[in-house]
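Here is a short briefing on one protein fold. Look over the sequence and the structure first, then read the points below.

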Amino acid sequence: MGMVGNAHPTNQTTNNQQQTTNNKQQTTMQTKELQVPNSLNLEQSLLTRTASIQRTTKETDVRVSLNLDGGGHCSAATGIPFLDHMLHQISSHGLIDLDIKATGDLEIDDHHSNEDVGITLGQALAKALGDRKGIVRFGHFIAPLDEALVQVSLDFSGRPHLSYGLEIPTQRVGSYDTQLVREFFVAVANNSKMTLHIRQLDGINSHHIIEATFKAFARAMRMAVEIDPRRASAIPSSKGVL
Ligand SMILES: [Mn+2]
């Protein structure tokens, strides 16, 4: 670089650099003042809200991996096609990445596999949520699917409960026994320690009623597991524990 007439520009550059440095310091100080005390923990918990559970019994072998902060990517192979279809609803509308594989005694019927997928999914949800710090905790949604309209309200309360108000008019959807919908949600609620209320507001077609339920459940859960920035990393309970 030429040195001609460099005195002024160099000084200006130095001044500019000092100004930039001062600005940076100011910015840093402002950021520090605005920082949530445990924001680092919050970021860490966001990055690790995943869980993998393998559960093996004499009846079934189920593996569930999930990421609560996913993008709705789903792989579901439970041996029960209609249940796979419903698990896709949870993932897609809950924005939860799900990888579920199950083998089981389907030669008897779908009962054990259906229930054990629910149990393992519930356990994975509980594990991924950890101590439930910072979550919104409550979630609700009313999902329409054509003539069907289903309301789900839930609370990651730590107290398992299911109120189930579906009246599904047929015994089967395809080869799936519609009684198993209740069994699935019992298993999820018990093992994730969730309070879960399901109300059918309208509906005629069994497939629509069940699918609207899973969609409403997915959206309600998405709301409940979101991190509440005003909650920071506090446990959302007046008791201090969930
Ligand atoms: Mn469908």
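Start with helix α6, residues 206-225. Helix α6 lies across β5, β6 and β10. Its direction runs at about 150° to β5. Keep in mind that this is a predicted model.

**The sheet under the helix**
- Four strands make up an open sheet, and their order is β5-β6-β10-β7.
- Pairing within this sheet is mixed.
- The edge positions belong to β5 (138-145) and β7 (161-165).
- Each of these two strands has a single partner, so one side of each is left without a neighbour in the sheet.
- From one strand to the next, the twist averages 10°.

**The β5-β6 pair**
- Strand β6 covers residues 148-155 and runs antiparallel to β5.
- The two strands are joined by 8 bridges.
- Which residue of β6 stands opposite histidine 140? The residue is serine 153.

**The protein as a whole**
- The secondary structure comes to 6 helices and 10 strands.
- The protein has 242 residues, and 35% of them count as buried.
- Take the contacts between residues at least 6 apart in sequence: 78% of these join residues at least 24 apart.

Note on methods:
Residues are numbered from 1 along each chain as its sequence is written. This is a predicted model: local features need pLDDT of at least 70, side-chain atom pairs count only at pLDDT 80 or more; totals for chains, interfaces and linings use all residues. A residue is buried if 20 or more other C-beta atoms lie within 10 Å of its own, exposed if 12 or fewer, and partly exposed in between; C-beta atoms are placed from the backbone. Two residues are in contact if their C-beta atoms, placed from the backbone, lie within 7 Å. Two strands pair if DSSP finds at least two bridges between them. Axes are lines fitted to C-alpha atoms, for helices over the stretch in contact, and angles run from 0 to 180 degrees between N-to-C directions.
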